[in-house]
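Let's take a walk through a protein model together. Keep the picture open and look for each spot as it comes up.

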Amino acid sequence: MSEVGEDVIPSGIESLDKALSGGFPRGSTILIAGNPGTGKTHLCVHILYNNMRRGLKGAYVSFAENKGAFYENAKHSGMDLREMEEKGLFKFYDMLTLSGENLGEFIRVLIEDLVAYKPDIVIFDSITVIGQMLGGTTLRSFIHSVISRLVSALNMTAFLISEVPYGEKRVGFGMEEFVADGVIIMEMEMMREATRRYMKIMKMRGRKIKRATYEYTITNEGIEVFLLPELRFDGQSSWGREFQYVPTGNEKLDEMLGGGLLRGSVTLIDGPPGSGKTVLSLSIASKNALEGRKVLYITFEESTAQIEMTKKRLSLKGDFKVIALVPEAGTPIEYYDMIRKLVSEENAEILIIDSLSAMETNMHPEEFQRAVRYIELFTKGRGITTVMTYNLSLNKNNSGFSVMADNVILLSYILPKNPGDTLKRTIIILKSRRTMNDDRLHEFVITSEGIKIK
Amino acid sequence: MEKDILVKTTNEVLQRLGPYFKEAVEAYLRTKYDAGVELIGDDPEEFYSALESLFGEFTANVFFSRLLSELGISVHYPLTGTSIVESIKSYVNTEDKTD
């Protein structure tokens with residue numbers, strides 16, 4: 001066994017280690033159960049590899065793949081298991097599927113070998129196959145009296161992968177979860193076109209588990225567990241500070257808002273198509289970029305070239321990052337995580353999302369509200385001034401989420417009645433939390449220099 | 001003499017390892033090396049590699065550990081292909097020295 005002494009084996013996946021308060025307890029048996037495609041093997045191999053990279057020893061007992069195929073698959077995910085084997089840090093046991101009476105010799109040699117090799121981590125893939133060969137009663141005794149005792153005596157951590165058939169809820173023989181020290185159930189479900197994966201930490205002896213269920217995705221680095229944003233009133237949040245305003249790029253609108261947009265606030269620009277939501281958003285982005293703030297403009301409806309053309313047409317000078325995203329099927333937490341990463345990469349102080357309506361097309365109303373809420377919690381926690389455009393009149397079912405916005409600016413228009421008359425655009429501040437706002441309706445026009453409010 | 005014991009024991013251990021193991025090994029050796037189970041005495045390395053190709057490294061190790069035990073040779077864990085083959089070679093070489 002390696003000399004890296006500690007009572008916890010981290011997964012090496014930051015988000016998962018946070019969820020597990022550091023990692024898996026040493027000297028314990030952890031059951032990882034789930035349907036095919038949930039990423040059980042992928043997760044276990046990454047935990048193993050991450051730990052071998054820091055000098056721990058690992059072993060993999062496989063009834064599923066032969067050594068060549070296993071090493072090849074691992075290599076596709078950037079893990080060189082042959083190199084680890086050459087360094088003496090890895091042993092692969094490619095087991096055969098045999099009847100119980102013939103399995104005995106294999107188990108005997110396996111145990112002898114593991115005891116001599118003394119790995120820090122051993123993975124059994126899968127315990128379900130062992131159970132099918134040995135039978136439920138012998139499997140219980142094998143896990144409880146052999147694996148658990150060895151694991152404890154050698155102070156290693158064993159991961160038992162358990163295959164749960166589609167449509168089944170019961171894990172294996174219905175007793176594995178009782179004999180294991182930790183149980184993680186991996187599940188997935190289809191939400192429209194999006195696949196949502198859940199991880200349930202049912203128990204983890206010796207670790208403090210704050211939440212039981214986490215959504216996750218399968219990545220090249222293993223899995224990523226989505227940790228929900230928490231609104232903390234720390235130094236980064238604007239809510240603990242004196243009022244600081246950021247301009248909208250329009251003096252009159254700043255005046256109407258009582259000084260501008262409060263730093264760290266969330267503003268919803270609501271209005272029907274053609275009412276000027278994008279023009280106003282670009283004006284906010286441009287002005288703030290000119291004043292040296294880092295602006296991230298995420299557009300779901302137009303290409304970056306279209307946005308650049310509009311900027312040019314409106315003579316907007318500020319230079320800011322525009323990212324065009326195609327609204328795809330995704331879960332709320334995936335959307336939140338994608339936006340969180342983009343904001344972090346750009347170190348953005350101002351975030352503009354144009355528009356939420358496009359994002360909503362692939363989600364159930366309640367899922368969409370959750371996505372917006374997560375984004376709001378994240379940006380508020382980080383003191384990022386956020387502007388989101390939306391067409392509330394088309395989506396009356398979603399009026400609930402506007403409650404979460406600090407400011408609501410409503411843009412509208414009146415269609416001309418007589419030939420030769422022009423379209424009349426109006427703007428009104430429906431809500432401006434914490435500031436005295438002008439609540440009168442104003443007319444505005446879109447000129448080559450942006451919005452002019454009368 | 002040792003070679004004969006080795007081949008006989010190999011046949012027995014293959015039989016006990018599981019159903020149709022012996023038949024599969026014999027067919028493979030015939031096709032690949034134009035040889036029978038006696039290959040273990042002539043070239044233990046090739047025999048190990050035949051078992052490894054057929055059933056994987058671990059099964060080859062399980063077979064050889066059983067074989068070594070049956071022959072009264074001590075087995076050292078953790079098992080490696082090299083150490084196993086060397087033990088068989090030493091066993092066969094004993095015969096050469098006694099000749």
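A:Ser355 sits in the loop that links E17 to helix H13 (356-360) of chain A. (Helices are DSSP runs of H or I with at least four residues, strands are DSSP runs of E with at least two, and both are numbered from the N terminus.) A cis peptide bond, with omega about 5°, joins A:Asp354 and A:Ser355. Now look at A:Ser126, in the loop between strand E6 (121-125) and helix H6 (127-134) of chain A. A:Asp125 and A:Ser126 are joined by a cis peptide bond too, with omega about 5°. For background, most peptide bonds are trans, and most residues other than glycine have a negative phi.

A word on what you're looking at: this is a predicted model, where local features need pLDDT of at least 70 and side-chain atom pairs count only at pLDDT 80 or more, while totals for chains, interfaces and linings use all residues. Residues are numbered from 1 along each chain as its sequence is written, and chains are lettered from A and ligands numbered from 1 in the order in which they are written.

## Positive phi

A:Ser21 isn't a glycine, yet its phi is positive, at about 55°. Find A:Ser21 in the loop between helix H1 (14-19) and strand E2 (24-25) of chain A. A:Ser21 has 13 other C-beta atoms within 10 Å, so it is partly exposed. (The rule: 20 or more other C-beta atoms within 10 Å of a residue's own means buried, 12 or fewer means exposed, and in between is partly exposed, with C-beta atoms placed from the backbone.)

Chain B has a case as well: phi of B:Tyr20 is near 70°, a positive value in a residue other than glycine. B:Tyr20 lies in the loop between helix H1 (2-17) and helix H2 (21-33) of chain B. Because B:Tyr20 has 11 C-beta neighbours inside 10 Å, it counts as exposed.

## A sheet of nine strands

In chain A, 9 strands make an open sheet with mixed pairing, in the order E16-E15-E17-E18-E14-E19-E20-E21-E22. (Two strands pair if DSSP finds at least two bridges between them.) Strand E16 (321-324) and strand E22 (450-453) of chain A are at the edges; each has a single partner strand, so one side of each has no neighbour in the sheet. From one strand to the next, the twist averages 25°. (Axes are lines fitted to C-alpha atoms, for helices over the stretch in contact, and angles run from 0 to 180 degrees between N-to-C directions.)

Strand E21 (residues 442-447) of chain A pairs with E22(A) in the antiparallel sense over 4 bridges. A:Ile446 has A:Ile451 in E22(A) as its bridge partner. Lying across strand E15 (295-299), E16 and strand E17 (350-354) of chain A is helix H12 (residues 332-346) of chain A, which runs at about 150° to E15(A).

## Domains and core

Chain A is assigned domain 1 (8-226) and domain 2 (238-453). (Domain bounds come from an automatic or database domain assignment.) The centres of these two domains of chain A, taken over C-alpha atoms, are 46 Å apart.

Which residues touch the most other members of the largest nonpolar core? Of its 147 residues, they are A:Ile32, A:Ile123, A:Leu160 and A:Ile352. This core draws at least three residues from each of domain 1 and domain 2 of chain A. (A nonpolar core is a set of buried Ala, Val, Leu, Ile, Met, Phe, Trp, Tyr and Cys residues joined through C-beta atoms within 7 Å.)

## One buried lysine

Is A:Lys277 buried or exposed? A:Lys277 is buried, because 25 other C-beta atoms lie within 10 Å. A:Lys277 is part of helix H10 (residues 277-290) of chain A. Not counting residues up to four places away in sequence, A:Lys277 touches A:Ile269, A:Gly271, A:Asp354, A:Ser355, A:Thr389 and A:Leu411. (Contact means that the C-beta atoms of two residues, placed from the backbone, lie within 7 Å.)

## Where the chains meet

Here, 16 residues of chain A are in contact with 14 residues of chain B. H5(A) gives the largest share of chain A's side, 8 residues.
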